[in-house]
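This report describes one protein model for a reader who has not seen it before.

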Amino acid sequence: MPEIMWKRDRNLVTYCGTPLSSPTPPPSATTVGISHLGTPSLIVRNMVASSVTPVSQYQSSSIQANMPSTSPLPSVAYLGPRSSYSHQAALGRFDPAKYALEPRTTIADVFIAVQAGAVAYGVVPFENSTNGSVVFTLDLFCDRARSFRDTFVHGVTYLDVHHCLLSSAASLSSVARIYSHPQAFGQCENWLGANARGIERIDVSSTSKAAQIVAGDAGAAAIASKIAADVHGLKVLAANIEDSADNTTRFFVLAAQPELKAPVSKGPGETDKTFLSFTVDHKIPGALCDSLKVFKDFGLNLTSISSRPSRLLPWDYIFFVEFEGHSDTQDVQSALDELRKCCLSLRVLGSYKDHQREREEGSRDRESKVAENGKAS
Ligand SMILES: O=C(O)C(=O)C[C@]1(C(=O)O)C=C[C@@H](O)C=C1
């Protein structure tokens, strides 16, 4: 088990590790490296024409991810291509008049861009209300290769996710393949089981990538958003196919600096939260229980808990916990001191304000924002 060292820097617990040489991209989700844009609808024709992405961008994602933005505005990386849910979440949080929104091919590329300082912020999916944790993102926070030592959670944003089946085929009976992101497939299991049994499913890097591919393949369909249908000139064969009507994805805003100070004031519905990872000695019975009891003893309410394999030993795990409280406060610092006593390693990945009320505000004009943001991203 690698030793992770911590130091107390004024009031903040920070990671104290070896400096990074160059970030190593961890393995990413299957990426289909082809780009076909079909006939766009009249409404979005100009937007699509100005944003056709060269095939080369999808072939060497790690090089692309490191490239600094050419925009004079602070830049925000998101999982593209344009019209992905990540793009919509980024637009909900960052005004495109003030920030340059830049697509990346994989979630790993967004981490790489933030770590390398190529962008000011990154927006990555963290968890979905129906299908649970986004394992690609958690695996990057595991940071097994120590590539993302300076990548922190800076904020949170929510997006209502309503999936559609998109195609240029006249009906589902002509569809032989369905493309989508694995998270989206997982959120539509009931509909797929009832309506698309036996149709091949192909995982790709995002739902908008699926729509882009399907625009050039009449025998295929994509699970993606209504906005992706407009952008890629596809028909909506079925709408609202998600298993749960209140399907919501929570995204993290990443930055290369932790938020050091707890905000002095909070609006209605806003809470401070902290996200951290830790490991325990699995040979000690009750080690995990002891760790979690610290949160109870300090009255810190847990809002999320998950784990990923450490990949060092079989059945050895890295745990992730999010709780209410800011690492800038005395009670959280005391809890972290106590927690460190029962952990092998501990890393505070960020403290931030949770803006749950953004959900209602953000969804209102998302469609028009994506349309306006076409040229920029
Ligand atoms: O594929 C996309 O459009 C994404 O932005 C990724 C993602 C995810 O990984 O959770 C985002 C929101 C939805 O939950 C489905 C897919």
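In this predicted model, strands S15 and S16 run antiparallel and are joined by 7 bridges. One of the residues involved is arginine 308, whose bridge partner in S16 is isoleucine 318.

The two strands belong to an open sheet of 4 strands, ordered S15-S16-S14-S17, with antiparallel pairing. S15 and strand S17 (345–355) are the edge strands; each has a single partner strand, so one side of each has no neighbour in the sheet. From one strand to the next the twist averages 15 degrees. In general, the strands of a sheet pair through backbone hydrogen bonds, in parallel or antiparallel fashion.

Helix H5 lies across strand S14 (270–279), S15, S16 and S17. The helix H5 runs at about 75 degrees to S15.

Most residues other than glycine have a negative phi, and most peptide bonds are trans.

| Residue | Phi | Loop |
|---|---|---|
| Arginine 311 | about 65 degrees | between strand S15 (302–309) and strand S16 (317–324) |

Are these arginines buried or exposed? Arginine 146 counts as partly exposed because it has 16 C-beta neighbours inside 10 Å. Arginine 311 is exposed, with 12 other C-beta atoms within 10 Å.

The peptide bond from glycine 80 to proline 81 is cis, with omega near 0 degrees. Proline 81 sits in the loop between strand S3 (75–79) and helix H3 (85–93).

Which residues come nearest to the ligand? Of the 15 residues around the ligand, these are Ser84, Tyr85, Ser86, Pro125 and Ser206. Two or more residues of the shell come from each of H3, strand S5 (121–128), helix H6 (182–187) and helix H8 (207–214). By type, the shell holds 6 nonpolar residues, 9 polar residues and no charged ones. Domain 1 (42–161 + 249–257 + 357–372) and domain 2 (164–238) each supply at least three residues to the shell.

Last comes the protein as a whole. Its secondary structure comprises 13 helices and 17 strands. Of its 377 residues, 46% count as buried. Among contacts with a separation of 6 or more, 79% are between residues 24 or more positions apart.

Note on methods
Residues numbered from 1 in each chain as written. Predicted model: local features only at pLDDT ≥ 70, side-chain atom pairs only at ≥ 80, totals over all residues. Buried ≥ 20, exposed ≤ 12 C-beta atoms within 10 Å, placed from the backbone. Near = placed C-beta within 6 Å. Nonpolar A, V, L, I, M, F, W, Y, C, P; charged D, E, K, R; others polar. Domains from an automatic or database assignment. Contact = placed C-beta atoms within 7 Å. Pairing = 2+ DSSP bridges. Axes fitted to C-alpha atoms, helices over the stretch in contact; angles between N-to-C directions.
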